[in-house]
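Hello,

Here is the structure I promised to pass on to you. Please have it open while you read, as my notes follow below.

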Amino acid sequence: MKAIQEQLLLDDEQLFILKEHNIPRLSTPHHYHRELEIKLMITGNGKSFIGENIYDYNAGDLVLLGPNLPHHWVSSNHFEKNGTLANCIYLQFREDFMGEGFYSKTEAFKIGQLMEKSRHGIEFYGDARKRAADLLLKLQTQSGFQRLICFMELLHELAECREIKFLARANYSTFSEREKATIDRVY
């Protein structure tokens, strides 16, 4: 399945985009983007397509997708069956959101390791997943500097989580290196 490149509307004044979908049926085109994405499935279930793999997703699932990793979600017909909406929150941000060299600093090293692992796509489990999901929900209510602190706490929590499952091969792409170079020049 050929993925399309999505260009996010993340401007230079924003560190991240935080959005919520609360719709009868979740169905996105197969796509990828340069930004990383953290996605929390609040209600609903269905299939997720990440890299070269297909998984069942359920309410409570939390994933981190690295840059340029093709993905999409398709919810089952739970709305038609019982009126439950497909509800998810997702956060998208650039890998270099704190500038060049940030991950080489002692305090940010583990977050840098998380960014590298994200190229596989990561699903989180256990208590750390629950704490990270709570921080993602809290992030919706924050503003200003508190929003930045909450975002950094979320990344720290994910970086510390040991209960993880990789979802795809690292740097999986539907494009050859030559095609990616052409797309990068146009982009």
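Leaving aside its neighbours within four places in sequence, which residues is Asn-87 in contact with? Before the reply, please keep in mind that this is a predicted model. The partners of Asn-87 are Glu-20, His-21 and Asn-22, together with Leu-40, Met-41, Ile-42 and Thr-43. Asn-87 itself sits in strand 9, and with a relative accessible area of 8% it is buried.

Now for the overall picture. The protein chain holds 5 helices and 11 strands. It has 187 residues, of which 44% count as buried. If you take the contacts between residues at least 6 apart in sequence, 78% of them join residues at least 24 apart. The accessible surface of the chain comes to about 9900 Å², and carbon and sulfur atoms account for 51% of that.

Helix 2 and helix 4 pack at an angle of about 70 degrees, and their axes are 9 Å apart. Angles of 65 to 115 degrees count as roughly perpendicular, so that is how helix 2 stands to helix 4. On the helix 2 side, the contact is made by Lys-110, Ile-111, Leu-114 and Met-115; helix 4 brings Met-152, Leu-155, His-156, Leu-158, Ala-159 and Glu-160. Sorted by type, the residues of this contact are 7 nonpolar, 1 polar and 2 charged.

Strand 7 has a residue worth a look too, Leu-64. Is Leu-64 buried or exposed? Its relative accessible area is 0%, so Leu-64 is buried. Beyond its neighbours within four places in sequence, Leu-64 is in contact with Leu-36, Glu-37, Ile-38, Leu-114, Ser-118, Gly-121, Ile-122 and Phe-124. One of these, Ile-122, is 58 residues away from Leu-64 in sequence, yet the two C-alpha atoms are 5.1 Å apart in space.

In strand 4 you will find Lys-39. With a relative accessibility of 5%, Lys-39 counts as buried, since the cut-off is under 20%. Again leaving aside neighbours within four places in sequence, Lys-39 is in contact with Asp-61, Leu-62 and Val-63, with Trp-73, and with Cys-88, Ile-89 and Tyr-90.

Finally, a loop residue. Asn-68 lies between strand 7 and strand 8 (71-75), in the loop there. Its phi is near 65 degrees, a positive value in a residue other than glycine. At 31% relative accessibility, Asn-68 counts as partly exposed.

Methods: Residues numbered from 1 in each chain as written. Predicted model: local features only at pLDDT ≥ 70, side-chain atom pairs only at ≥ 80, totals over all residues. Heavy atoms only, no water. Axes fitted to C-alpha atoms, helices over the stretch in contact; angles between N-to-C directions. Helix = DSSP H or I, 4+ residues; strand = E, 2+ residues; numbered from the N terminus. Parallel < 35°, antiparallel > 145°, perpendicular 65-115°, else oblique. Contact = heavy atoms within 4.5 Å. Nonpolar A, V, L, I, M, F, W, Y, C, P; charged D, E, K, R; others polar. Buried < 20%, exposed > 50% of the residue type's maximum accessible area, 1.4 Å probe, protein only. Areas by Shrake-Rupley, 256 points an atom, 1.4 Å probe, with all protein chains shown as cover.
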